[in-house]
Amino acid sequence: LHYASILNQAQKYKLRILGLHPSQELVDTVSEFGLAGLPDYVITDVNTKSKAHWERFKQTTQEAMEIKSNNGVGSICDGAIESYIERLYEVQCFREEYMA
């Protein structure tokens with residue numbers, strides 16, 4: 001666990017640590033409606049424009065999906081897969097920006 005040393009120091013010095021992550025409700029909203037489905041007061045300007053980040057995410061996700069597909073999950077048309085991966089990417093970027 002890469003946070004262990006931080007948590008140990010906080011415990012030793014009785015420091016309060018606050019973990020920030022979006023609620024499952026917000027994550028579900030982005031998953032279902034995309035970033036456009038979020039109210040402006042939650043978060044704005046989530047960065048989804050990093051080409052290197054997108055390519056790495058897309059490749060990793062496609063590889064994981066291919067493994068599942070080869071294990072009998074079935075196949076989906078390419079356009080549906082691309083849309084699904086784009087939505088997953090929005091969810092990932094939302095989580096990252098929310099916690100940052």
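K14 lies in the loop between α1 (4-12) and α2. Helices here are DSSP runs of H or I with at least four residues, strands are E runs of at least two, and both are numbered from the N terminus. Phi of K14 is near 55 degrees, a positive value in a residue other than glycine. K14 counts as exposed, because its relative accessibility is 75%. Exposed means over 50% relative accessible area, buried under 20%, and partly exposed in between (1.4 Å probe, protein chains only).

The model is predicted: local features need pLDDT of at least 70, side-chain atom pairs count only at pLDDT 80 or more, and totals for chains, interfaces and linings use all residues. Residues are numbered from 1 along each chain as its sequence is written, and side-chain values use heavy atoms, with hydrogens and water left out.

D45 also has a positive phi, near 60 degrees, and is not a glycine. This residue sits in the loop between α2 and α3. D45 is exposed, with a relative accessible area of 71%.

Now the overall layout. The chain has four helices and zero strands. From the N terminus on, its elements run α-α-α-α. Contact means heavy atoms within 4.5 Å. Of the contacts with a separation of 6 or more, 79% join residues 24 or more positions apart.

Next, the interior. Buried residues make up 20% of the 100 residues in the chain. In soluble globular proteins, nonpolar side chains tend to be buried together. A nonpolar core is a set of buried Ala, Val, Leu, Ile, Met, Phe, Trp, Tyr and Cys residues joined through side-chain atoms within 4.5 Å. The largest such core has 13 residues. V30, L38, I43, W54, F57, Y89 and F94 have the most contacts inside it. α2 (24-33), α3 (51-73) and α4 (78-99) each supply at least two residues of this core. The largest share, five residues, comes from α4.

Take F57 from that core. Leaving aside neighbours within four places in sequence, F57 is in contact with I85, L88, Y89 and Q92.

Finally, the surface. The accessible surface of the chain comes to about 7900 Å² (Shrake-Rupley method, 1.4 Å probe; for residues, only the protein chains shown count as cover). Carbon and sulfur atoms hold 52% of that surface. Y3 is found in the segment before α1. At 47% relative accessibility, Y3 counts as partly exposed.
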